[in-house]
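Hello,

Here is the structure I promised to pass on to you. Have a look at it first, and then read on for my notes on what turned up.

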Amino acid sequence: MRLYVPALSLLLLPLSGFAAPGLEAFTLTPSADGSGQTYTLSLQVLLFMTALSLLPGALLMMTSFARVVIVLAILRQALGTQHTPSNQILIGLALFLTVFIMMPVFEETYQVGVEPYLEGEIAAQQAVEKASFPVREFMLAQTRESDLALFSRIGNFEAFQSSEQVPFSVLLPAFATSELKTGFQIGFLIFIPFLIIDLVVASVLMSMGMMMLSPLIISLPFKIMLFVLIDGWALVFGTLASSFLV
């Protein structure tokens with residue numbers, strides 16, 4: 001019985017720490033210059049893990065990823081190759097092309113926000129605000145004014161006098177809508193040449209009385225040959241990358 005008492009006290013020792021007032025994981029310390037607050041390390045880790053869970057959504061809707069993957073999917077549909085390239089390859093291509101397009105934005109974000117925070121020059125809240133400026137400028141440059149006006153009207157916002165007044169709650173859906181529009185516009189222009197080939201092949205087969213033969217079987221080699229001869233992948237990737245230049 002005497003051995004159980006120390007063992008029980010050791011088991012209850014962590015609970016006494018949780019019951020103590022002023023839990024260390026949630027304490028805030030004012031910064032030295034009084035411009036903000038410094039969070040404890042455990043709370044910073046919690047916020048970091050929360051941010052990681054939101055990272056896929058941010059990658060999809062706050063970068064060039066959506067436009068790129070839409071165009072690549074429409075291109076595969078226009079070629080008529082069904083599952084070639086596979087979805088994994090398309091996602092990989094879209095991801096690496098997104099990294100290439102967004103690299104200047106990422107570098108500026110690191111220089112103005114992340115690096116000063118790691119060196120202890122600014123607080124976490126200031127780092128987030130400064131790091132959001134390059135991303136915000138990129139999104140504003142790719143967002144149509146009509147989409148901004150639409151969501152500002154839905155959200156009962158007054159007319160914005162400058163781009164700095166546009167909140168993220170309006171900018172995010174407006175940017176996503178603009179990216180969808182631009183992606184489908186580029187995909188439509190890519191689809192037209194392959195559609196013409198399908199129409200020509202179908203007309204020739206019908207004139208020859210070969211209506212039981214699928215036009216896709218005949219047109220697929222011609223579309224692949226045309227795409228390879230004009231160096232289609234380089235043209236598509238170059239067009240996508242240049243579409244983000246302001």
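Predicted model: local features only at pLDDT ≥ 70, side-chain atom pairs only at ≥ 80, totals over all residues.

Now for the overall layout. The protein has nine helices and two strands, and along the sequence they come in the order α-β-β-α-α-α-α-α-α-α-α. There are 246 residues in the protein, of which 29% count as buried. Taking the contacts with a separation of 6 or more, 63% are between residues 24 or more positions apart.

On to the charged pairs. Side chains of opposite charge can pair when their charged atoms come close. Searching the whole structure gives three salt bridges, and here they are in turn.

The side chains of Arg67 and Glu179 form a salt bridge, at 2.6 Å from N to O. Arg67 belongs to helix α3 (residues 65-79) and Glu179 to helix α7, so this pair ties together parts that are 112 residues apart in sequence. Both Arg67 and Glu179 are buried.

Another salt bridge joins Lys181 and Asp147, whose closest N and O atoms are 2.8 Å apart. This pair also links distant parts of the chain, with Lys181 in helix α7 and Asp147 in helix α6 (residues 145-154), 34 residues apart. Are the two partners buried or exposed? Lys181 is partly exposed, because its relative accessible area is 35%, while Asp147 has a relative accessibility of 1% and therefore counts as buried.

The remaining salt bridge is between the side chains of Lys223 and Asp198, at 3.3 Å from N to O. Here the link runs between Lys223 in helix α8 (residues 215-229) and Asp198 in helix α7, 25 residues apart.

A nonpolar surface patch of about 930 Å² is formed by Phe188, Leu189, Ile192, Leu195, Ile196, Leu199, Val200, Val204, Met208 and Met210. One of these residues, Phe188, sits in helix α7 (residues 168-207). Phe188 has a relative accessible area of 53%, so it counts as exposed.

Finally, do take a look at Trp233, which lies in helix α9 (residues 232-242). With a relative accessibility of 31%, Trp233 counts as partly exposed. Which residues does Trp233 contact, leaving aside its neighbours within four places in sequence? They are Leu72, Leu75, Pro85 and Phe227. Trp233 and Leu72 are 161 residues apart along the chain, and their C-alpha atoms are separated by 9.8 Å.

That is my tour, and I look forward to hearing your thoughts.

Best wishes

Technical notes:
Residues numbered from 1 in each chain as written. Heavy atoms only, no water. Patch = residues over 30% accessible without salt bridge, like charges linked within 9 Å, V, L, I, M, F, W, Y side chains within 5 Å. Areas by Shrake-Rupley, 256 points an atom, 1.4 Å probe, with all protein chains shown as cover. Salt bridge = Lys/Arg side-chain N within 4 Å of Asp/Glu carboxyl O. Helix = DSSP H or I, 4+ residues; strand = E, 2+ residues; numbered from the N terminus. Buried < 20%, exposed > 50% of the residue type's maximum accessible area, 1.4 Å probe, protein only. Contact = heavy atoms within 4.5 Å.
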